[in-house]
Amino acid sequence: MTVLGAIRPDDWNFALFVHVLSAMVLFGAVVLAAVSVAGSQQAGLRLGFRSLLIGAIPAWIATRLSAQWIASKENLLDEGVDVPAWVDIGFIISEGSFLVLIAATVCSGIAARRGHGGGLRAATVVLVGITIVAYVVAIWVMSAKPT
Amino acid sequence: MYDWLLFFHLLAAFLLSVTAVTYSAVALGAPAGGRTLFVADRCWDVGGLGTLILGVWLALYLDQYEIWDGWIIGAIVLWLVATGLGDGVRRGFADAEPGTPAAGGVATVESRVALMHWLRTLAVVGLLVLMIWKPGA
């Protein structure tokens with residue numbers, strides 16, 4: 001795998017750059033949301049909501065589209081191609097986490113609008129926490145590339 | 001061994017992104033409390049050390065790279081620049097009045113500190129460019 005990484009064609013680099021950069025923004029935005037919402041301040045709720053809505057969701061879209069772009073460059077989307085397990089796992093984590101992200105954004109948005117956190121604040125922290133764990137697993141999958 | 005080194009190296013890089021995203025939000029006017037900035041700063045500390053130590057370890061571990069390769073030297077220089085700028089950003093926020101993060105208030109940001117933050121973020125993006133294109137490798 002090390003050798004494969006070293007001989008990656010140059011024309012994959014830009015797609016990979018967009019993928020990793022957007023994934024980093026996504027990770028940063030969900031951690032920022034978790035830390036902000038977990039506090040007791042009303043401003044933290046708003047920051048958490050905006051971090052998810054303006055940061056995490058657009059970054060998720062960019063991460064997902066660039067993943068598709070790389071997969072097509074590697075011909076992994078062609079008919080009859082045996083897709084490696086790590087690619088499938090990446091897509092599963094990505095798509096599953098999007099539903100959780102949407103739920104967290106809705107919860108934090110309602111909590112911010114109501115002006116108090118309560119159960120919705122806790123729900124947001126739990127949901128965002130799940131995505132953080134999922135993304136750490138995704139980072140491991142992308143680096144170790146288990147087959 | 002290689003897989004774990006690469007995983008923790010990547011994870012450290014993702015911690016740097018937490019700092020970059022948090023301070024970007026503040027630079028754009030978001031009200032971040034002291035706890036949020038504290039977490040962002042710790043992510044920078046752990047991520048910065050992790051990327052450097054594990055990156056050098058990877059360069060020594062892999063036969064196809066040498067520590068004196070141009071892109072690795074460039075990455076170390078960019079890392080030093082980002083670290084220096086990060087120190088300035090942290091001090092800039094610590095000196096900010098009123099509402100210092102340490103007091104649990106909402107941080108405000110001067111344009112000079114914001115500029116240092118954006119330059120630091122650019123340095124982090126530059127590091128990513130070097131890691132992916134590996135010019136000269």
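The buried residues of helix 3 of chain B are covered by elements that include helix 1, helix 2 and helix 4 of chain B. This is a predicted model, in which local features need pLDDT of at least 70, side-chain atom pairs count only at pLDDT 80 or more, and totals for chains, interfaces and linings use all residues. Residues are numbered from 1 along each chain as its sequence is written, while chains are lettered from A and ligands numbered from 1 in the order in which they are written.

Start with the fold of chain B. The chain has 4 helices and 0 strands; helices (H or I, at least four residues) and strands (E, at least two) are DSSP runs, numbered from the N terminus. The order from the N terminus is α-α-α-α. Of the 137 residues in chain B, 41% are buried. Buried means 20 or more other C-beta atoms within 10 Å of the residue's own, exposed means 12 or fewer, and partly exposed lies in between, with C-beta atoms placed from the backbone. Among contacts in chain B (C-beta atoms, placed from the backbone, within 7 Å) between residues at least 6 apart in sequence, 75% join residues at least 24 apart.

Now take helix 3 of chain B. Its 26 residues should span 38 Å at 1.5 Å a residue, and its end C-alpha atoms are 38 Å apart, so the two agree. The expected span is 1.5 Å times one less than the number of residues. Buried residues in this helix include I72(B), W79(B), G86(B), R90(B) and F93(B).

Helix 3 of chain B packs with helix 4 of chain B at about 160°, with the axes 8 Å apart. Axes are lines fitted to C-alpha atoms over the stretch in contact, and angles run from 0 to 180 degrees between N-to-C directions. The pair is therefore roughly antiparallel (over 145 degrees; under 35 is roughly parallel, 65 to 115 roughly perpendicular, the rest oblique). The contact between these helices has 17 nonpolar, 6 polar and 2 charged residues. Ala, Val, Leu, Ile, Met, Phe, Trp, Tyr, Cys and Pro count as nonpolar, Asp, Glu, Lys and Arg as charged, and the others, Gly among them, as polar.

Next comes the contact between chains. It takes 28 residues from chain B and 29 residues from chain A. On the chain B side, helix 1 (2–27), helix 2 (34–61) and helix 4 (111–133) each give two or more residues. Helix 1 of chain B gives the most, with 13 residues.

Conventions:
Two residues are in contact if their C-beta atoms, placed from the backbone, lie within 7 Å.
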